[in-house]
Every structure is written in structure tokens, then in C-alpha cells.
Amino acid sequence: MAPAHAAYTPASFYPQTGFLASARRVRALVLRHAYLLLKSWPRLVSIAYYPTVTMVLWAFLTLYLAPTNNFLKDAPGFFIGAVLLWDVLFRGQLGVSLTFIEELYSRNLGNLFVSPLRLREFIAGQITLSILRTAIGVGGACVFAWLLFRYSIFSLGFPLIAFFTMLLAFGWAIGLAVSGMILRWGLGAEELAWAGIFLVAPVSGVYYPISVLPEWLQLIAYALPAAHVFEGMRAVLLDGTFRWDYLWNALALNIVYLALGVVVFRMAIRYARNHGMLLQMGE
Amino acid sequence: MTELPPRSIESPLDAAIAVTNLRKHYGAIEAVKGISFAVRRGTTTALLGGNGAGKTTTLSMLLGVLTPTAGAITVLGTDMLRRRYRVLPRMNFTSPYVDLPKRLTVRENLRVFADLYGIREPKVRIVEIAQQFDLTDILDRPYGNLSAGQRTRVSLAKALLNRPDVLLLDEPTASLDPDIGDRMRTYLERYQRESHCTMLLASHNMAEVERMCDDVIMLRAGVVVDQGSPAQLLERYGRENMDEVFLDIARGRQNEHEVGAGADEITA
């Protein structure tokens, strides 16, 4: 080891407050996970693997049923679009909660929470990583949809961007709540990150209209942004109309759910601070 | 060990860390029972005690990752319970309870923390600290592939990356061989002298405490039971070394020596 010879030089810091300082800390968190993702091609492939395989399955089912089914004759890309949009919701949630779980596994949460990184910056980092993971996962499936079936989800245009954003935001809300629950109950609750989202799948109307649900379940469905998004998508694909009412409903609900997600996560962090879990939690 | 001029230990104004009536309950268990102490600027203070004495709980509260049930903590004049983000960039820590991401290389880990602490010219700083901790050859190896001793050195490098004014060290040399442990202590001593950094050290290595620390705070069952300089404690307990003093205090034998008044003597 080199002798401790270096003359002491005072620390030279960038400003610690303000938007740029926050952005730099968010970037540091994103960098930490980008290092992990980009150095492992199996990890990258696995992100795109599941959405691509699911899309291929539904695409072949569509090819099989389309000749005898008027609905699919009118909207041959319906199931592919539905699968891809569902995966936006799934990946959006997973991106947020897996970022958190990764910190728990590596026992790095303590290092992060004694650094100048604020909780809101940690959340911003989770959301940024969720966008990246979704872009990789769903982007890969979109490429295969075009290559194999000549189906481009981007033909939906503006409605796609609007629905995409709404589903991502709902995914973030669920991801934050799941992160909070994992922090509260430990890594034993990790399964929530993978399976929790499927609780809303039956009432989101991904593959069928909400009208087929029992009336009481329709009330629950319409309390979720996802149901409005998928109803809106059906209106675009089947009727060629963009229903602004569905978009506004999804937006209003997302504001509520995102606020709830942040509250649950903050409460879990407060609980962890009260019970000494931030330094000691890990695999 | 220090070359700094002697300072009054009684003045809280001179304290880099001031703790007042700090309590922590976990349900019915009271882990820390209203302790008060001050750590002078530019000195190294040991926080000693047996397992379960409340050392890690106290360090966690000082770092802001554990909320006290009651009491006040001031670090560098800043209220840690209300404004910790003002002072966190000037602090750092290392603890066996935390780790670094194992699949990232040493360089990548240090880069992430350099950015989190807002360090200018992070690449230069990483090269510099790697030289100081003999990490140059392993900078591009995954942290998870390193030996326990190498990991400890990386954790210490991370803790000094931002050249902290206050450094909290929980068992910093526990897994190092005597040679590397000695070099680490030498580096920490040198860093402390040059930077006038304040260090609070939790350790079970009494030789380390005797060598590095200006002051010692002894905890038992969540209470400060004695404090003073190593020399004062050795004299007070009539012992040859800090190991024996530790055993006297940890086993509650300080009354036999009619001591313990030190606890009030230096309370802030």
C-alpha cells in the first residue's frame, strides 16, 4: 500500500442544493443500475424475453382465429397491441420495485441513505430506471412484432403515447407501493414485485371489454386507470376514435394512485427509520 | 496520538458532534437510555461497549438512518434530526452492516458515490484514493470477487471519497490482517491530522482504541457508564491496557474502582 503521503486537499464539491445537484444524484443512481444492466447481455435479453414470447403467442393465436372471427378480421393487431401495452404496465411497475430490491439484495440501502441522496431523488431514479427497463423490454417486443408479423404498435400515433404514459404512471404507483411493502415486511414479500400486478389484470380489460365483468366488478375496474386505458385502446382500434374521456379519467386516477404510492413508500421508509431497518436489511 | 493542541473537552461549542439526552425504544426495549456526550472537533473518539450496548444504535441515529425516540443530535452545528441533508455531504461512514453492489467494479462503485456526494473531477479523486488504499490493481475487478480485506479497504476508500469532516467508523479494521489493519490505522491517523476531521469509532480492538483515540465513551446497556482519554481510564482503573479497562466496565466492575464519575464529567 502506498504510504499516506498525499498532502490533504480540501474537498471540491459541486453545489449540493438545487435542481442540478438533484439531477446529478439521480444520475448517479441510474448509473449504478446502468452499470449492472449494460455489462450483462443475459440480463438485457431477459428483460425483453418475456414480453416478446407473450407477444408471439398471442400473435399466432390471432393468425389462427382471424379467418373465422369477425372481430379479429377488423382489428388483427388487437391482441398484439394489448399484450404490448399490458407489458408497459408490468415493466413500469417492475422497473420501480426491482431497483429497490436490488439495493436490498446488495445491502447498499444504508450507504445510499447516509449519502446526500434525498428520498424524492431516489424515487426519481426508480422512475427513470423504470422507463429504461420498459423501453428495453417493450421495445424489443415491438421490434419482433414488426419483424415477424409486420405489426407496428406505433401506427396508433398520439393515442399510443397517451396510453403508454398512463400505464407507465400506474405501474410506478404500484411499484412504489410494492417497494414500501417489501421494506415493511422484508424480502419475504419479494414475490409481490412479480405477482402483485396480476391482481389488477382481470379488472383492467386487457383482452376483453369491462362490460363483460359483473356489475360490481365493473365499479372496481373503473376505479383503476388501466381499465380506462384499455377501453380507450379498444375504441381506437375498433371504432377509430380517440376517447378523451378515458384519457382524462386515467390521468385523474393516476394522480391519486401516484400520490398513494408515494405516501405508502414514505411511510415504509419512516417505519424503517424508526425500526433501524435501513442499515440492517438485506439478503 | 494527535498532534493537535489540547482542547477543553467540556465545551459543547467546540463539539463536532453533540448528543443530548438521546433515547431509543424498540417497543418495550430501551436500547439507548438518554445518553449525552460531545465529540471534540478534530479528534478521534471511541464508542465502546459490549454486544448490545447501544453502539450501532447510537451511530445509526447520528447518521440519520434511525429516528431517536427522544433527544437531540447536532453535527457540525446542524440539527441532524431536522436538517441532516445540510451536513450529510460533509459526513461519511463505514459499517459491517452495509455492503457495496457486488457486480459493480471497484471503480464503478466509487464513481457512483463520487457522483452522489457531488465530488468534482471524480476520476482524479478515484485514482488518488485508489493509490492511497492500494486499490489501483483491483479498480476494475468486481467488488464481489474481492477478499474480505480488500472489501474493507474499498469501504474505507468510499468513506473517505468525499474527504469528510465527520467520519463514523463501525469496526473499520475488523476483517483486516495485522499488516493491512496497521496501514489503515496509519492512513486514518494521517488523514485525521491533516484534515482535522472528527472521527467517532466503534471498535472491539482495544489496541486500536489506545493508539488512535483521544477520548473514549463507554456504553453499557444503553447508558454512558464512563468516559475520558485512554490514559485517564487506564489510571482511573489502575490497569495496564484498555482490554482490562473494557472488561472492568463491561462487567460492571467500575464501582470496585470507585470510578464512573467521568460519565458526568464530559457530558455536553
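**Asp87(A) and Arg91(A).** I looked up Asp87(A) and found a relative accessible area of 1%, so Asp87(A) counts as buried (under 20% relative accessible area; exposed is over 50%, partly exposed in between, with a 1.4 Å probe and protein chains only). I then checked Arg91(A), which is buried too, at 8%. The two form a salt bridge, with 2.9 Å between the closest N and O atoms (a salt bridge is a side-chain nitrogen of Lys or Arg within 4 Å of a carboxyl oxygen of Asp or Glu). Both residues belong to helix 4 of chain A and are four residues apart, about one turn of the helix. An α-helix has 3.6 residues a turn, so residues three or four places apart point the same way.

**Basis.** I note that this is a predicted model, in which local features need pLDDT of at least 70 and side-chain atom pairs count only at pLDDT 80 or more, while totals for chains, interfaces and linings use all residues; side-chain values use heavy atoms, without hydrogens and water. Residues are numbered from 1 along each chain as its sequence is written, and chains are lettered from A and ligands numbered from 1 in the order in which they are written.

**Chain A overall.** I counted elements next: chain A has 12 helices and zero strands (DSSP runs numbered from the N terminus, helices being H or I with at least four residues and strands E with at least two). Of the 283 residues in chain A, 55% are buried. The C-alpha trace of chain A spans about 80 × 40 × 35 Å along its principal axes. I also took the contacts in chain A between residues at least 6 apart in sequence, and 78% of them join residues at least 24 apart (contact means heavy atoms within 4.5 Å).

**Helix 1 against helix 4, chain A.** How do the axes of helix 1 and helix 4 of chain A cross? For residues 19–38 and 78–105, the axes come within 12 Å and cross at roughly 80° (axes are lines fitted to C-alpha atoms, for helices over the stretch in contact, with angles from 0 to 180 degrees between N-to-C directions). The two helices are therefore roughly perpendicular to each other (65 to 115 degrees; under 35 is roughly parallel, over 145 roughly antiparallel, the rest oblique). On the helix 1 side the contact uses Leu29(A), Arg32(A), His33(A) and Leu36(A), and on the helix 4 side Thr99(A), Glu102(A) and Glu103(A). By class I get two nonpolar, two polar and three charged residues in this contact (nonpolar: Ala, Val, Leu, Ile, Met, Phe, Trp, Tyr, Cys and Pro; charged: Asp, Glu, Lys and Arg; polar: the others, Gly among them).

**Other salt bridges.** I searched the whole structure and found 27 salt bridges over all chains. One of them joins Arg25(A) to Glu121(A), with the closest N and O atoms 2.7 Å apart. Arg25(A) sits in helix 1 and Glu121(A) in helix 6 (residues 119–149) of chain A, so I record a link between parts 96 residues apart. Are Arg25(A) and Glu121(A) buried or exposed? Both are buried.

**Chain A with chain B.** I find 50 residues of chain B in contact with 47 residues of chain A. The two chains bury about 4,700 Å² between them, with 57% of it on carbon and sulfur atoms (accessible area, 1.4 Å probe, that two parts lose on being put together, summed over both). Four salt bridges are counted between them. Asp99(B) meets Arg107(A) in a salt bridge at 3.9 Å, N to O. Asp99(B) also pairs with Lys102(B), at 3.0 Å between the closest N and O atoms. Arg27(A), Arg111(B) and Asp115(B) are linked in a network of salt bridges.

**Helix 3 of chain B.** Arg111(B) and Asp115(B) are among the buried residues of helix 3 of chain B. This helix (residues 106–116) is mostly covered, with 10 of its 11 residues buried. I traced what the buried residues pack against: helix 1 and helix 5 (109–113) of chain A, together with helix 4 (122–132) and helix 5 (148–160) of chain B. Just after the helix, Gly118(B) has a positive phi of about 65°.

**Thr45(B).** I ended with Thr45(B), in strand 3 (residues 44–48) of chain B. Thr45(B) is buried, at 1% relative accessibility. Leaving out residues up to four places away in sequence, Thr45(B) touches Val39(B), Met199(B), Leu200(B), Leu201(B), Cys213(B), Asp215(B) and Ile217(B).
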